[in-house]
2 protein chains.
Amino acid sequence: MRENIVIIGAVALGPKVACRCKRLNPEARVVMLDRGGRISYGGCGIPYYVSGDVSDADELQSTSFHMLRDAPFFRDIKGVEARPRTEAVRIDRAKKTVLTRNLDTGAEETLSYDKLVLATGSTPRALPIPGADLPGVHAVADLDAAIAIRAALTAGSVGRAVVVGAGFIGLEMAVALADMWGVETTVVEYAPGVLPTVLSPGLASMIERHMHEKDISFRLGGQVTRIEGDGKVERVAIKTPNGEEVMETDMVVMSVGVTPNTELARAAGLECSARGGVVVDGNMRTSDPSIYAGGDCAEIRNLVTGKPFFLPLGSLANRQGRVIGDNLCGISSRFPGAAGAWCVKLFEQNAAGVGLTLDAARRSGLDAFSIIVSQFDRAHFYPDKAFMFLELVAEHGTGRVLGVQGVCAMGDALVGRIGAVSALMPHRPTVEELSLLELPYSPPFNSAMDIVNVLGNVGGNVLAGRNKSIAPQEFARLFAERDGSDVFFLDCREHPNAEPYLKAYPGVWHNIPQGQLAGRLKEVPRDRKIVLVCNSGARSYEAFVTLAHAGYADVVNVAGGMATLRMAGADPKV
Amino acid sequence: MRENIVIIGAVALGPKVACRCKRLNPEARVVMLDRGGRISYGGCGIPYYVSGDVSDADELQSTSFHMLRDAPFFRDIKGVEARPRTEAVRIDRAKKTVLTRNLDTGAEETLSYDKLVLATGSTPRALPIPGADLPGVHAVADLDAAIAIRAALTAGSVGRAVVVGAGFIGLEMAVALADMWGVETTVVEYAPGVLPTVLSPGLASMIERHMHEKDISFRLGGQVTRIEGDGKVERVAIKTPNGEEVMETDMVVMSVGVTPNTELARAAGLECSARGGVVVDGNMRTSDPSIYAGGDCAEIRNLVTGKPFFLPLGSLANRQGRVIGDNLCGISSRFPGAAGAWCVKLFEQNAAGVGLTLDAARRSGLDAFSIIVSQFDRAHFYPDKAFMFLELVAEHGTGRVLGVQGVCAMGDALVGRIGAVSALMPHRPTVEELSLLELPYSPPFNSAMDIVNVLGNVGGNVLAGRNKSIAPQEFARLFAERDGSDVFFLDCREHPNAEPYLKAYPGVWHNIPQGQLAGRLKEVPRDRKIVLVCNSGARSYEAFVTLAHAGYADVVNVAGGMATLRMAGADPKV
């Protein structure tokens with residue numbers, strides 16, 4: 001069937017659609033255009049190109065067998081007509097045409113289509129502040145922008161940099177600047193913590209602390225109000241809760257989110273959502289049945305909330321691309337949506353997650369709670385291991401898993417756990433399913449009782465009222481307010497572990513090893529709030545059971561224990 | 001509720017049941033006995049103790065906070081009465097009693113129970129051959145056996161060893177002997193490949209070749225017929241397809257599987273299966289409603305076949321233990337069964353899997369096929385990465401996923417992928433669900449199109465008849481028989497990759513780069529079987545599409561490409 005297929009956008013989704021189409025229907029004529037000069041590259045690799053881990057920008061645009069994915073490659077190898085530096089000016093849905101313009105020659109051409117695909121991607125948001133257009137202010141927009149950043153670094157003209165935004169790209173760029181190039185880097189973030197949309201305050205502070213140890217400075221709760229300089233960036237003004245600060249800098253990297261590119265779609269009268277994305281159905285089809293959209297420019301269904309959301313990720317674009325390719329060729333195929341799985345490597349720490357954070361769940365109107373569990377990522381007797389911190393967000397009543405997030409120095413191990421939970425998310429798992437989750441087991445890889453199982457177990461105990469836990473921030477608040485309160489802090493570890501705290505906080509910090517608790521109940525007041533703590537949360541849970549059984553009413557357990565408090569910087573200083 | 005709970009067996013399941021019980025019902029009296037002197041240890045860690053990775057046997061018996069889990073620990077910390085060196089002689093179901101005997105004093109005692117739990121575990125199978133009882137012949141039965149093996153190694157009296165059985169424990173023990181202690185080690189396995197029940201021949205040969213490179217010798221298809229020596233092991237006789245071989249050795253390690261310990265259950269008239277395990281229902285209850293069983297002594301439901309099977313793994317024992325603990329305390333809890341997830345680290349390679357191999361699926365009467373995919377475990381432009389090999393076993397017609405197995409030098413990355421598939425298995429996923437599987441994505445951890453998605457895509461293409469692939473062994477067979485056949489071997493890579501093969505096999509090996517194929521169809525005969533190969537299977541699939549579109553009927557594609565052939569040792573030698 002000789003069909004004309006036109007694809008607007010040729011970075012991630014576009015090429016996938018084009019290639020799938022040509023394989024399913026080799027007779028089809030597939031034309032793919034892009035405003036950029038470079039096409040079909042791994043945009044997610046930009047921070048690794050800036051850092052130097054990836055030595056040449058071409059590598060991001062190459063196949064694993066080292067062929068450059070440029071227009072000749074698509075023509076010769078894929079049978080796809082790729083047109084870089086070509087803009088789609090206007091869609092005429094009635095005539096089924098796209099007016100295109102070559103950005104170098106200005107030549108215009110009208111392309112007919114039977115089916116049209118919008119793969120127009122997204123654009124970094126710009127802050128409407130003075131000086132945002134000064135040379136030296138960069139957005140991580142595309143490979144060309146990355147090349148400009150790296151050129152400045154290579155030239156040695158960048159000693160200090162300010163990154164605006166502590167999302168994935170902002171933090172990855174901060175690492176790239178500081179780690180390889182030794183740039184003195186400050187990250188300014190409007191929210192009170194890093195990765196604010198995907199991590200709880202407790203886990204976020206673990207990442208922030210680690211990056212701080214690696215000499216990244218943070219201005220959390222801060223806002224860049226203007227950029228100054230004489231012909232190029234020289235200073236930024238940052239408004240923080242403590243006032244305004246002016247900081248000298250040689251470079252500003254803006255990473256305050258992206259906006260879906262929907263101008264063409266809107267101009268053509270296609271349905272777009274208020275928040276910005278092109279609206280598509282389960283087949284990735286827009287309100288015009290001849291037009292599909294996917295990737296960063298489209299909204300998809302959130303599998304947890306059931307509502308549309310915007311999740312610009314190359315991995316989703318690839319999977320959506322295949323679905324669109326199928327549908328274009330008569331194979332009915334659906335994209336079910338996404339639970340929002342993500343991961344990020346930052347120096348020697350890693351964070352990953354899926355689904356909603358506690359904040360996001362509550363903002364969605366769900367009656368949610370969260371718990372943190374800490375445990376070695378593999379058998380505790382195995383030589384190479386790291387503590388893993390996982391947070392479960394679940395719904396009261398139903399016990400439904402709404403999200404899991406985590407931090408661990410062993411990145412693959414963490415991503416593996418989150419991947420397993422993510423695989424379950426379309427099936428709306430309950431906490432009990434985490435308890436029973438079957439993971440491959442051997443001591444070099446995990447414990448007989450994997451941390452995901454433990455997460456389910458602790459969640460189940462909380463749901464059933466058999467355990468009550470508090471997050472690191474809540475512990476820190478209670479401890480900070482200890483003078484005016486009657487909270488009884490009870491350390492359930494053996495004496496040597498508790499000793500420094502007993503010395504530092506006499507009368508406040510108490511110690512009864514968990515094994516002795518049942519016999520020493522006299523020492524535990526019945527009229528005060530009891531906060532139990534051990535190293536990982538396991539023994540304090542046993543202590544919780546003992547106290548609950550003895551009729552104590554107001555007892556809480558620090559989930560994840562001192563290991564978690566310490567990692568989050570919420571432990572009492574000794 | 002003051003209930004008497006007796007648990008027979010105190011290694012993995014027993015302690016978990018006991019502790020869960022005491023937490024749910026602190027009033028219960030819980031007695032746990034075991035024939036062994038050591039209780040509550042991580043038996044799966046034995047090879048790492050033998051290797052020296054774990055320096056002291058106590059570590060396997062300790063909590064993560066370094067408390068030894070012995071009888072006083074269970075008494076003081078858990079409120080559980082643990083009785084090591086105590087045998088359960090007989091169960092009287094009518095009277096609800098267990099007759100016990102102290103193995104040191106011979107003292108007998110009758111314990112009453114309200115509920116009884118059988119956690120009797122399994123025993124290594126012994127080969128009924130002459131000399132099997134000679135000193136120096138070891139089974140990996142328990143921690144004491146491991147201590148004996150390590151003592152012999154430490155004494156320096158072991159220069160050569162023979163391991164009988166190439167299952168998980170056999171191979172892990174071979175690594176432990178060879179890697180740390182420099183013991184010249186030979187593995188004898190009755191089946192034609194290593195890990196025969198869980199890996200296809202193609203993947204198995206990858207592991208075998210790697211271990212061989214690390215100086216492990218193999219006698220596959222071999223059988224130890226007798227062990228000889230004057231007061232201790234000196235020689236073993238091995239029958240192979242090529243005759244008998246007598247090999248000198250200082251140690252024999254037997255690891256030819258385990259048998260569930262069901263003597264007590266059978267004597268008490270509880271239902272046991274022909275294959276050996278105690279039969280339990282979804283609540284892990286035996287045919288006597290007051291008696292539960294779990295762990296290595298019980299059969300569970302295979303989630304893929306729906307039939308009972310026997311899977312002795314510490315991780316399953318732990319999860320079953322919680323289920324039994326719940327049920328003992330009035331919380332109805334079900335253990336759904338297992339898909340059979342596993343993983344193993346062997347020198348610098350790793351294997352993992354879940355579900356059925358192609359052989360196992362066919363033996364179960366399923367109309368199954370398999371494909372192998374090879375791809376970097378993370379973004380191909382990321383510096384540290386390894387090729388991963390995944391094999392999908394799926395059902396024709398339904399497209400149901402029956403199993404996935406894999407090999408990769410990056411162990412956590414492999415285990416993460418298998419874990420994600422394993423999480424899905426209770427939901428009976430189709431190949432399409434693998435295509436759409438949402439995994440956390442970032443270049444340091446995976447590709448935008450993860451290998452699991454690719455596995456689903458390739459599987460989907462095969463199901464739809466859009467791709468036809470052959471396994472490494474099938475390629476090797478076709479290539480070995482090339483002289484008498486009319487097979488046309490077509491290398492779709494660029495010329496420099498193909499050149500050595502063209503020189504070595506003139507007239508047999510042909511080369512048309514995939515991008516040129518459509519224009520050079522004249523060179524491809526229409527009356528011969530075409531075998532397409534590239535590096536990873538991606539370009540040969542494109543070539544397959546081109547040939548199929550041009551009307552070629554008998555074309556196959558080497559799934560996983562030369563990378564897979566090479567890793568499996570099935571590539572033509574050049």
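I began with A:Met284, which sits in the loop between helix H8 (263-267) and strand E18 (291-293) of chain A. Helices here are DSSP runs of H or I with at least four residues, strands are runs of E with at least two, and both are numbered from the N terminus. The model is predicted: local features need pLDDT of at least 70, side-chain atom pairs count only at pLDDT 80 or more, and totals for chains, interfaces and linings use all residues. Residues are numbered from 1 along each chain as its sequence is written, while chains are lettered from A and ligands numbered from 1 in the order in which they are written.

I looked up the phi of A:Met284; it is positive, about 65 degrees, although the residue is not a glycine. I then checked burial, where a residue is buried if 20 or more other C-beta atoms lie within 10 Å of its own, exposed if 12 or fewer, and partly exposed in between, with C-beta atoms placed from the backbone. A:Met284 counts as buried because it has 28 C-beta neighbours inside 10 Å.

I turned to A:Arg85, in the loop between strand E3 (81-83) and strand E4 (86-92) of chain A. A:Arg85 is not a glycine either, and its phi is positive at about 50 degrees. With 17 C-beta neighbours inside 10 Å, A:Arg85 counts as partly exposed.

**Helix H5 of chain A**

I listed the buried residues of H5(A): A:Leu143, A:Ala146, A:Ile149, A:Arg150 and A:Leu153. Seen down the axis, they fall within an arc of 115 degrees, so they line one face of the helix. That arc is taken from the directions from the helix axis to the C-beta atoms. On the face turned away from the buried side I found the exposed residues A:Asp144 and A:Ala151.

What covers the buried residues of H5(A)? The cover includes H2 (46-51), H3 (57-60), strand E9 (137-139) and H6 (168-181) of chain A. After H5(A) comes A:Gly156, with a positive phi near 80 degrees.

Leaving out residues up to four places away in sequence, A:Ile7 touches A:Gly14, A:Val17, A:Ala18, A:Val30, A:Met32, A:Val117 and A:Ala119. Contact means C-beta atoms, placed from the backbone, within 7 Å.

Chain A has 18 helices and 30 strands. Of its 574 residues, 59% are buried. Its C-alpha trace spans about 90 × 55 × 45 Å along the principal axes.

**Strand E24 of chain B**

I found eight of the nine residues of E24(B), residues 387-395, buried. Strands pair if DSSP finds at least two bridges between them. E24(B) pairs in the antiparallel sense with E23(B), residues 368-376, over nine bridges. B:Val373 stands opposite B:Leu390 of E24(B). E24(B) also pairs with E25(B), residues 401-408, antiparallel over seven bridges. There, B:Leu392 has B:Val404 as its bridge partner. The hairpin of E24(B) and E25(B) has five residues between the strands, and B:Gly397 in this hairpin takes a positive phi near 85 degrees.

Note on methods:
Contact = placed C-beta atoms within 7 Å.
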